[in-house]
Amino acid sequence: MTNMRPPQKSKLLKVVILGDGGVGKSALLTRFVSNRYEENNFHTIGVEFMNKDIVVDGERYTLQIWDTAGQERFRALRTPFYRGSDICLLCYALDDRDSLRGLGLWRNEFLNYADVEADKFPFIVVGNKSDIQPHKRQVSYESVQQWCAEQQIASHIETSSKAAMNVSDAFVLGLRQWKHLECVAEAELRHNGDTIDLTRPIRLVQRRLCCTGGGGINKDGDGDGDGDDAAMRTPSKKLFGQKRSAPKAPATNYRL
Ligand SMILES: Nc1nc2c(ncn2[C@@H]2O[C@H](COP(=O)(O)OP(=O)(O)OP(=O)(O)O)[C@@H](O)[C@H]2O)c(=O)[nH]1
């Protein structure tokens, strides 16, 4: 006889990464899933996704993470993939103030095509390239905090795919914000008694809901990534676009 519990089934969550071309969306995904970084990345054309299994607060999740093309000309290729998303990472680069200005447009594009309510959806604002030298920084942490407050986005984190800083934490932050909003939705459902509003997203009544944790503003991400790498598995990857060829660059290896 054995005391082993049956393996816990993981929840599948769809995560979409949005932001201007060149802010480092693909680098973020590659760092998170494969713990690799390439200096000269290809521009994404269309979308691609990779899966990553993580354990957070003792629960298993499979994140299906969709990396999208940031360039405007690929808009029609990426927008059909927004529907059904659970979490959205809005990315800008710390050395590019225009990429921050674009975040509002990215959010609107997502809301429009994913057809979700802004105040009930977990958006995480991710400032990538935090490894840059101080004099190259064009976006202050405080200005982004202010923008997030105006937009009622609770979660903001600075990351570096190159230096492997806070990358897992950004995804875990998204997961915790998702859990928090699911919990709020569950409480609303309970409060409304038997009345189920069929116009609301089906996700609110389909999932087994959970009331632990919640999102919040996080400057450095410390403490958010506990256990997030514990259940790494070999990633799987699917391409729904092509990669434009870029000149071969000398490989640069960064290790955690
Ligand atoms: N310094 C620094 N550079 C980075 C970082 N992440 C990405 N980069 C650089 O930014 C370039 C663009 O990164 P990508 O990941 O291709 O950007 P993207 O947002 O996916 O771009 P599109 O595919 O065009 O939407 C890379 O070739 C890297 O040189 C980082 O954390 N720090």
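## Strands side by side

Two strands pair if DSSP finds at least two bridges between them. Helices (H or I, at least four residues) and strands (E, at least two) are DSSP runs, numbered from the N terminus.

Keep in mind that this is a predicted model: local features need pLDDT of at least 70, side-chain atom pairs count only at pLDDT 80 or more, and totals for chains, interfaces and linings use all residues. Residues are numbered from 1 along each chain as its sequence is written.

Now take strand 2 (residues 47-56): it pairs with strand 3 in the antiparallel sense, over 10 bridges. M50 has I65 of strand 3 as its bridge partner. The hairpin these two strands make has 2 residues between them, and D57 there takes a positive phi near 50°. Strand 3 (residues 59-68) also runs parallel to strand 1 (residues 11-19), joined by 7 bridges, and I17 stands opposite D67 of strand 3.

## Helix 1

Is helix 1 mostly covered or mostly open? Mostly covered: 9 of its 10 residues are buried (20 or more other C-beta atoms, placed from the backbone, within 10 Å of their own). Among them are L28, L29 and F32.

## Around the ligand

The shell around the ligand has 23 residues (C-beta atom, placed from the backbone, within 6 Å of it), and G21, G24, N41, T44 and G70 come nearest. Helix 1 (residues 25-34) gives the largest share of that shell, 3 residues.

Key. Buried ≥ 20, exposed ≤ 12 C-beta atoms within 10 Å, placed from the backbone.
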